[in-house]
Amino acid sequence: MITIGQFMGFEEDFREPEGWLSWQHLTYVTVIIAIAVLWGLWLGKRNRGKSIQEKKRPLRIAAIVMLVSEITKITIFCIQDGDFGIVRSNLPLFLCSIIFFTLPMAAFGKKRISDGAMNFTFVFGMLCCIAGTFLAGNIYANSPIFSYSCIASNTAHCIGGFAAVYIGSAGLAKLHCGDRWIMTLILGVFEAVALIVDILQTETSYQSNYMFFMKPDGTPFSICLDLVHGIQPLYTAFVAALYFAYLFLFILVWRLISRKNKKYIPTQDSEAEELPHS
């Protein structure tokens, strides 16, 4: 029988990890993502007619739970390793970690920043959720599914998926022109910080491949490396551009769908503002 110490990672755990893409891994993450999505849909529709502040309440709770879960996980890693320097290898600068910044900004920020961060969470939340669960091969290769590190990681990433679905179903997503500039700035700053950390930690034993800017590391980004013939600066620029391409493509598709339905996404000021007829 597993002990609390083994579950938390303080004692040696003799259980073998089930492995990435094992039936246990796929079943587990499918179930928790389904719960997050269905909960987001239900809660969003229930709160759709409420005020902005009331709509934000679930996002505030979700942001607090997500941050507490992640901070606790990193603290446990530091205690296990006996060195707080391990934080440098667990900074929230991966693709699946962007929401760790934008969800609190959306939940607690001032109106302009909050709107931009909320729309950013709407665009990237589900992508981060999938990347941090289905595609997190390193986690499931090293830890059993029923361990604190796996559960904490999946909780944080599924909250990103929940937030994206909730924001859409509650009518909080707008993707207005001003919000698009803020979203572009958020992504640009995040990429710049991740790249700077990668460069600074290249010659150290700490993580130096945040956002997969330095190497594909077994991901589909290996296609990008092949296309630029292994030239490092071109590969980094290619990967960075792909993140922006996803952002702009999402916005384009969203606008096309909105126009096809002859209305914008409902806002607090106008629950169903129609587009001008041509």
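The model is predicted, so to speak of local features takes a pLDDT of at least 70 and side-chain atom pairs count only at pLDDT 80 or more, while totals for chains, interfaces and linings use all residues. Residues are numbered from 1 along each chain as its sequence is written, and side-chain values use heavy atoms, with hydrogens and water left out.

K174 sits in the loop between α7 (148-169) and α8 (177-200); helices here are DSSP runs of H or I with at least four residues, numbered from the N terminus. With a relative accessible area of 17%, K174 is buried (buried is under 20%, exposed over 50%, partly exposed in between, using a 1.4 Å probe and protein chains only). Helix α7 is mostly covered, as 19 of its 22 residues are buried. G171 follows α7 and has a positive phi, near 80 degrees.

Now for the aromatics. Rings of Phe, Tyr and Trp (its six-membered ring) pair if their centres lie within 6.5 Å, and planes under 30 degrees apart count as stacked, over 60 as edge-to-face and the rest as tilted. The count by this rule is 13 aromatic pairs. Among them is the tilted pair of Y246 and F250, at 6.2 Å centre to centre with 55 degrees between the planes. These two residues are about one helical turn apart, because Y246 and F250 are separated by four residues in helix α10 (residues 232-260). Y246 is partly exposed at 28% relative accessibility, and F250 is also partly exposed, at 23%. Both belong to one aromatic cluster, made up of F120, F122, F124, Y246, F250 and W254. F250 also has its C-alpha 6.9 Å from that of V123, although the two residues are 127 apart along the chain.
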